[in-house]
Amino acid sequence: MTTRYEGLTPPGRVSGRAGAPVPATQAGLLSRLSVQDKVLLLTGADAWRTQGAEALGLRPMITSDGPAGVRGVVLDERHPSSSLPCPSALGATWDAGLVGELAAALGAEARAKGVDVLLAPTINLMRTPLGGRGFECFSEDPVLTGRLGVAFVRGVQSAGVAATVKHFVGNDSETERWTYDARISERVLRELYLAPFEACVREAGVALVMAAYNKVNGIPMTEHARLLRDVLKDEWGFDGVVTSDWHAARSTAATALAALDLAMPGPDGPWGGQLAQAVADGAVTGEVLDDKVIRLLRLAARVNALCLPGGDDPPGPPRVPAARADLRPAVAPGAADAASPRPDSSTDPDRSLRPEASLYPDSSLYPRQSLHPGQPLPPDPSLHPSPLPHPDQAFVDPALLRRAVAASLVLLRNEGGALPIDPGSVGRVAVIGPNAIRPAIHGGGSAVVMPVTVSTPADAIAEALAGQAEVTVSGGCQTWVVVPEPAPGSLRDPGSGRPGLRLEFRDCDGELLAAEHRTSPALTWWDQVPPGIGWGKPGTVVLLTSFRPEVGGPHVFGVAGVGRLTLTVDGAVVADAETVVPDDPVEAMARPGELRATVELEAGRQAQVRLEFRPAADGEGPLTVRLGIVPVAADDDLLAEAERAAGLADAAIVVVGTAPMTESEGFDRSTLALPGRQDELVRRVAAANRRTVVVINAGMPVLMPWADQVAAVIYAWLPGQAMGTALADVLLGRAEPGGRLPVTLPAAEADCPVLHAIPEHGVIEYSEGLLIGYRGYDASLRRPHFPFGHGLGYTSWVYESALATAADPAAGDDLEVTVTVRNSGSRPGREVIQAYLAGPPSDPAAPPRQLAAFAGVSAAAGARAEATLRLPARAFARWDEREGGWTWPSGPFTVHVGRSSRDLRLSLQIGSGTPGGS
Ligand code: BGC
């Protein structure tokens, strides 16, 4: 009765009338399924797909990461994706309208790739700046995270794609993430870590919640009945699907009873037959099972994966207004950025329908047509590189990406008006730094996509100044921790002579199974390799290429993968060993073991390279194999050259930051210092050129011990593919650096309220309570290097007045505060007005101040702008551990209004101090 889609099968299709409204709760649907059928539906069909059921007219649904671009079911340079600014960059925009607009575009691209469920956004909080995955979070603050999370979910879902908020909850660092126990008090959970999830459930109607790997207070999150069933489903009314994080479901009855609905990936896992047995034994009731199936069917109806069997619609894109309407939530009150004059595209009721036609090219990668009985399934495009055009009309508009990156760049410091640079005032500009040439556009792990294109700072600045100033480019120093990929154009497929390499899959006898041409020397697969290749299988993956060195001399070859690697250069084996199997499967992709060999090469003479990879017997996760080649260089020489270039220029732009694989899912950073000799590079350049502008290309905080020695500093995050052009726009004053810090930048590691998140005996005590990020700095009176909310822009602002609608709001009421600001500079600009709430004095555990609302306003030079900030009732509430509920303590409160958590310009007293009730 239920169709099981094995191995390489692409998205299955069933015949039927697409879009026909099938009430998911209809008992009739369930009665068509046996217990076996039901349990089959509740575990994935493969790495990314759910199971289909022909009897129900249910096709498999496709899930895909992630938060900074939608990858699809393959990570393959032939099927690229728009690469968006990472979530910490989106956090820096403080602009829910812009985030919603980007998310709607991301959703449209997901639809075009055949994706039904986007595994984003990540709405955990940046508890520690060392968190390896902090770049995937919006902020250290729950209000900013909640506002942007809601906008992101609404945007994605307005395109008919289901969003997934993750990772519920307490997944705030990576070390031992599969097992650690986060000990968090109920108050701290409610007021900090659960708050963004609650907002996305209640306000945005998010379709899925992903249960995290870790434990909270002793219970694995996939088994956490109190948080999943009692809080998420019963208290908040979540009617969607709780999916496990990948492989996070590790028990049968406990996960089923705790209200996990879907175990991903599949087809193996702890449910299946074991769950059917648990139902037979009475350990899990039929109602519990049915509730999961109903939720899954409700999701299917939302993304139009349910069709009435037997219909006779011709193949073609589904028409899904009903499904889309279901995913679009009612506009919720209390959006803190409500005062932003920009129309919120994510809530435009017509928007989701308009681009429909263009999103379904006649032949897209994963065509969404219905199949008729007997019609063969289309070939898997990942194994048979398809001649079909990419659905590139669905890529995110490059102009939107460029605008978003500019809006996320935070100007931290700008002495003597060093920025913007007037192109007419500079004859020569030195662009310096490892990240100017090879920027880090995204972090590692599941957020990685193959970008459509990459605009590097070096190229974009040279292009922007072409004909106006001479631009020199110097690498400055080396930061790589894994051997970088060879320069584009230096590899040739020995068979065809085309740029790139020949990829072969061979069986245990060396017989060729399949071969293809690839251009990327970093390759990853989930399900798409031929049988006989994979963990514990005897086949091999072989990369063959000719490398043409630009310079002669010693070159470092680095080959990576989990398993046996054999590297041959010009017929000689130069590396041959087995790499270690990492603890976390994601590291098989993010940080596989690397073998290195140094080989002497002649400039311009092709070297024949052969890399053979046999995956390890006991590996897990995706398969990755990588080839890196870099000429041996001396940092001393690179530093000296950069210093010389800076000395000869009128301005120096130094782009420093994290190296590839420094920031990633799967592991935390061990230091906040910039890798390599980048601090020395900045100091030496600054000493050689007074107009030194430093651009930090990092997803999370780094230390900047030289900040007061340079003219200007811009924080650029991991900005995605549009980095270079947007940065050039800002440097030359064509766009404003619109960002404000979503995370505090520390002056020293010791200042951080929470630095390490390394479990002790498997436990992480959240003993700092509510005092993470700026709250901790405020409580300890330590001075951040640059405070939360800080960002200069190119103009200045006077805060003129703040007026509240009520002097003493009743318990449970929102409070509106109208703020008037004046642009006192000489350029138009956008200001982010921030309201922080302090008090009441009767609550010593409360942080000194907490962000309660914010609004973006724009004004011409000299003009005034007014914004009404809505402080939600919840901002005045406290979680009462004894009562087990929210209470509204008596005041007084103080509302502080200003430009950052430490630049507060106006204040208002609220509340008389009389009890406000509860
Ligand atoms: C990550 C999730 C991701 C999933 C699928 C997990 O390792 O924690 O965020 O969505 O893999 O890639």
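Which residues of α7 are buried? Keep that in mind as you open the model, which is a predicted one.

**Stop 1: helix α7 and its cover**

Select residues 195-202, helix α7. This helix is mostly covered, with 6 of its 8 residues buried. Those buried residues are P196, F197, E198, A199, C200 and V201. Now show what lies over them. The cover includes α5, β4 (162-168) and α6 (186-193). It also includes β6 (208-211), α8 (225-235) and β35 (885-887).

**Stop 2: α5 against α7**

The crossing of α5 past α7 is right-handed.

Next, show the side chains. On the α5 side, pick P142, T145, G146, R147, G149, V150 and V153. They meet A195, P196, A199 and C200 of α7. Sorted by class, the residues of this contact are 7 nonpolar, 3 polar and 1 charged. Two of the α7 residues here, A199 and C200, are also among the buried ones.

Why look at spacing along a helix? An α-helix has 3.6 residues a turn, so residues three or four places apart point the same way.

**Stop 3: α18 against α19**

Move on to α18 (residues 635-648) and α19 (residues 678-688). What is the angle between these two helices? They pack at about 30°, with their axes 8 Å apart. α18 is therefore roughly parallel to α19. α18 passes α19 in a right-handed crossing.

Select L639, A640, A642, E643, A646 and G647 in α18. Their partners in α19 are E680, L681, R684, V685 and A688. This contact has 7 nonpolar, 1 polar and 3 charged residues.

**Stop 4: aromatic pairs**

Now colour the aromatic rings. The count comes to 16 aromatic pairs. A pair of rings is described by the distance of the centres and the angle of the planes.

Start with F505 and W525. Their ring centres are 5.7 Å apart and their planes stand at 70°, so the pair is edge-to-face. F505 sits in strand β15 (residues 501-506) and W525 in strand β17 (residues 522-525).

Go next to F876 and F893. This pair is edge-to-face too, at 5.1 Å centre to centre with 85° between the planes. F876 lies in the loop between β33 (864-871) and β34 (878-880). F893 is in strand β36 (residues 893-900). The pair ties together parts that are 17 residues apart in sequence. F876 and F893 are both buried.

Then select W94, Y774, F788, Y836 and F854 together. Ring pairs link these residues into a cluster.

**Stop 5: L755 in its loop**

Finish at L755. Find this leucine in the loop between α20 (723-731) and β28 (763-765). Why does L755 count as buried? Its relative accessibility is 16%, and buried means under 20%.

Now show what surrounds L755. Leaving aside neighbours within four places in sequence, L755 is in contact with T128, P129, L130, L672 and E749. Draw a line from L755 to L672, C-alpha to C-alpha. The two are 9.6 Å apart in space, yet 83 residues apart in sequence.

Methods
Residues numbered from 1 in each chain as written. Predicted model: local features only at pLDDT ≥ 70, side-chain atom pairs only at ≥ 80, totals over all residues. Heavy atoms only, no water. Axes fitted to C-alpha atoms, helices over the stretch in contact; angles between N-to-C directions. Helix = DSSP H or I, 4+ residues; strand = E, 2+ residues; numbered from the N terminus. Left-handed = near helix turned anticlockwise from the far one by under 90°. Contact = heavy atoms within 4.5 Å. Nonpolar A, V, L, I, M, F, W, Y, C, P; charged D, E, K, R; others polar. Buried < 20%, exposed > 50% of the residue type's maximum accessible area, 1.4 Å probe, protein only. Phe/Tyr/Trp six-rings, centres within 6.5 Å; stacked < 30°, edge-to-face > 60°. Parallel < 35°, antiparallel > 145°, perpendicular 65-115°, else oblique.
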